[in-house]
Amino acid sequence: MKAYRTLYELMDNPEKLQVLAKEAKVFCLLNGLPYPMKESPELVTYAPVTLFPTPVRRAVFEQALAVQPHYNLLVDRISQDAAFLEEALSSTVLADDFTARLFNIHKQMLSEGRASPIVLGINRSDYMLDESEDQGGLLKLVEINTFAAGAFGTSDTIAPLHRHVLRLAGLEGLRSSVPDSNSTVRLACALQRAWELYARPQAAILFLVDDVEMIFFSHFKLINELRERDGREVAVVFFRDGYVPGHYTEESWATRLLMERSWAIKCPDVATHLAGTKKVQQVLARPGVLERFFPEQPQVVQQIRATFVGSYTLDQCPEGDRAAAMAMDSPDRYVLKPQREGGGHNFFDADLVRVLEEEGAGLGRASYILMERLRPRVERNVLLRRDTPPEPCDVVGELGVFGAYIRAAGEMVLNVAAGHVMRTKPAEHSQGGVNQGLAVFDNLILC
């Protein structure tokens, strides 16, 4: 398509790039895309973004949106299946103290009975467009985030930014191919619906955030959608903190248990938190497991399974030994993943070999899973980051689709895809993460 070729030609024009980059930075600061400086969080700069949207096939984007309600149901059904969670995490809780402490709270709630009959889930399914030799450019799941799925507020402003840049670049015809996310409004509606179901008008929605949160502007966008609702009693706890061990002290663990015991609607509750662990994702990839949650629904099973990649246990068993040996023989084909969220925790190549050698066949190996390494499509783009000149480079993107659901008294009263976010990083980097300074915010241009 001629318009797309023109877009790439712009990247070879340094003078034009400088002009567009300056316009984009000003747009960010004027239109709700500020970003706190790590060295001085009270000061802000423009958010790290791509100058142009990244091409993604329309059919792939529509597939990701269509499968999200099925992923919502899957996560919810896993959270209600105590026997499955116990079996799936039996080895992990022995090897990973953080998962074990979460699971202990889960078991305590099972013995006491869940306090709230209402469940609110806000998830994000992250994908890459895999172009491995035997994949042919298919949508493949990187991970499911059931806890503190972020970037919702930021993603809403990227589409207007990219349409602004395309207009300045004389590419008006492409602006209609940049999809809106609208995740803030959609997620705010889910939070408000849960608050309404709680049926105590004086109660509040509690946002639990870290002291220094690099995407706290996203929280304020969501809070502003809910600003009219306030009170002393807490109706909904929206966790934006608590997904890594460093977020907890002994007092914090006691508070987490107190929250689980309360009548407040937890987003997520501890069972849903556990449903999003890497170990559960690995178990789901085994033959026949999805059918447990979607009996007599083969089409749903096929839609979800089509997004899976090979995942392997590293438990202390012959199967785990074979997987470890396979990874050490061909480390470039796999990713070693611990039970952690937030980006920057995975191991690749020589680091993968080092960790597996250090763990040996010991118990600690079971705190990881092994996944086949995706080979995403490489594109060209310009990454705008503070103190970095705007220069074109090879990049790879990761598409996230938000989902929101509410179950009340055993019935689903909401189950939707709730917007999207794109994050893009230089192709030479294995690790990702905007907060880690490796990736930037992006959006799609559908082709």
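## Close-up views of a predicted protein model

**View 1. Asp126 sits in a buried stretch of strand.** With a relative accessibility of 0%, Asp126 counts as buried. This is a predicted model, so please read every value below as computed from predicted atoms. Asp126 belongs to strand β5, which covers residues 118–130. Look for its side chain and that of Asn145: the two are joined by a polar contact of 2.9 Å. Asn145 is also one of the residues that Asp126 is in contact with once neighbours within four places in sequence are left aside. That list includes Lys140, Leu141, Val142 and Glu143, and it also includes Glu398, Leu399, Gly400 and Arg423.

**View 2. The whole chain, for orientation.** Let us step back for a moment. The protein chain has 16 helices and 17 strands. Along the principal axes, its C-alpha atoms fill a box of roughly 65 × 60 × 45 Å. A compact globule of 447 residues would have a radius of gyration near 22 Å, and the 22 Å of the protein chain agrees with that. Of the 447 residues, 56% are buried. Among contacts with a separation of 6 or more, 74% are between residues 24 or more positions apart. The chain exposes about 18900 Å², and carbon and sulfur atoms supply 51% of this area.

View 3. Asn443 lies in the loop between strands β16 (440–442) and β17 (444–446). Is Asn443 buried or exposed? Its relative accessible area is 2%, under the 20% cut-off, so Asn443 is buried. The side chain of Asn443 has a polar contact of 2.9 Å with the side chain of His420. A polar atom of the Asn443 side chain also lies 3.0 Å from the backbone oxygen of Pro179. Beyond the neighbours within four places in sequence, the contacts of Asn443 include Pro53, Thr54, Ile158, Ala159, His162 and Met422.

**View 4. Glu260 reaches across to Val270.** Glu260 is part of helix α10, residues 250–261. Its relative accessible area of 4% makes Glu260 buried. The side chain of Glu260 reaches the backbone nitrogen of Val270 at 3.0 Å. Not counting residues up to four places away in sequence, Glu260 touches Ile105, Met109 and Ala115, among others. Lys266, Pro268, Asp269 and Val270 are also among the residues it touches.

View 5. Pro268, one of the residues touched by Glu260, lies in the loop between β9 (265–267) and α11 (270–275). Which form does the peptide bond from Cys267 to Pro268 take? That bond is cis, with omega near 5 degrees.

View 6. Gln108 is found in helix α6, which spans residues 97–112. With a relative accessible area of 28%, Gln108 is partly exposed. Leaving out residues up to four places away in sequence, Gln108 touches Leu257 and Arg261. Gln108 and Leu257 are 149 residues apart along the chain, and 8.8 Å separates their C-alpha atoms.

**View 7. Glu296 and Pro298 are both exposed.** Glu296 counts as exposed at 81% relative accessibility, and Pro298 counts as exposed at 60%. Glu296 lies in the loop between α13 (289–293) and α14 (298–305), whereas Pro298 has its place in helix α14. Check the backbone at Glu296: its phi is positive, about 60 degrees, although Glu296 is not a glycine. For a sense of distance, the C-alpha atoms of Pro298 and Ala204 are separated by 41 Å, while the two residues are 94 residues apart along the chain.

**View 8. Asp387 has a positive phi in an exposed loop position.** Asp387 is placed in the loop between strands β13 (379–384) and β14 (392–408). At 71% relative accessibility, Asp387 counts as exposed. Its phi is near 70 degrees, a positive value in a residue other than glycine.

Note on methods: Residues are numbered from 1 along each chain as its sequence is written. This is a predicted model: local features need pLDDT of at least 70, side-chain atom pairs count only at pLDDT 80 or more; totals for chains, interfaces and linings use all residues. Side-chain values use heavy atoms; hydrogens and water are left out. Helices (H or I, at least four residues) and strands (E, at least two) are DSSP runs, numbered from the N terminus. The radius of gyration is taken over C-alpha atoms; the globule rule is 2.2 Å times the number of residues to the power 0.38. Buried means under 20% relative accessible area, exposed over 50%, partly exposed in between (1.4 Å probe, protein chains only). Contact means heavy atoms within 4.5 Å. Accessible areas come from the Shrake-Rupley method with a 1.4 Å probe; for residues, only the protein chains shown count as cover. A polar contact is a pair of N or O atoms within 3.5 Å; within protein, one must be able to donate a hydrogen and the other to accept it, and residues adjacent in sequence count only if both atoms are side-chain atoms.
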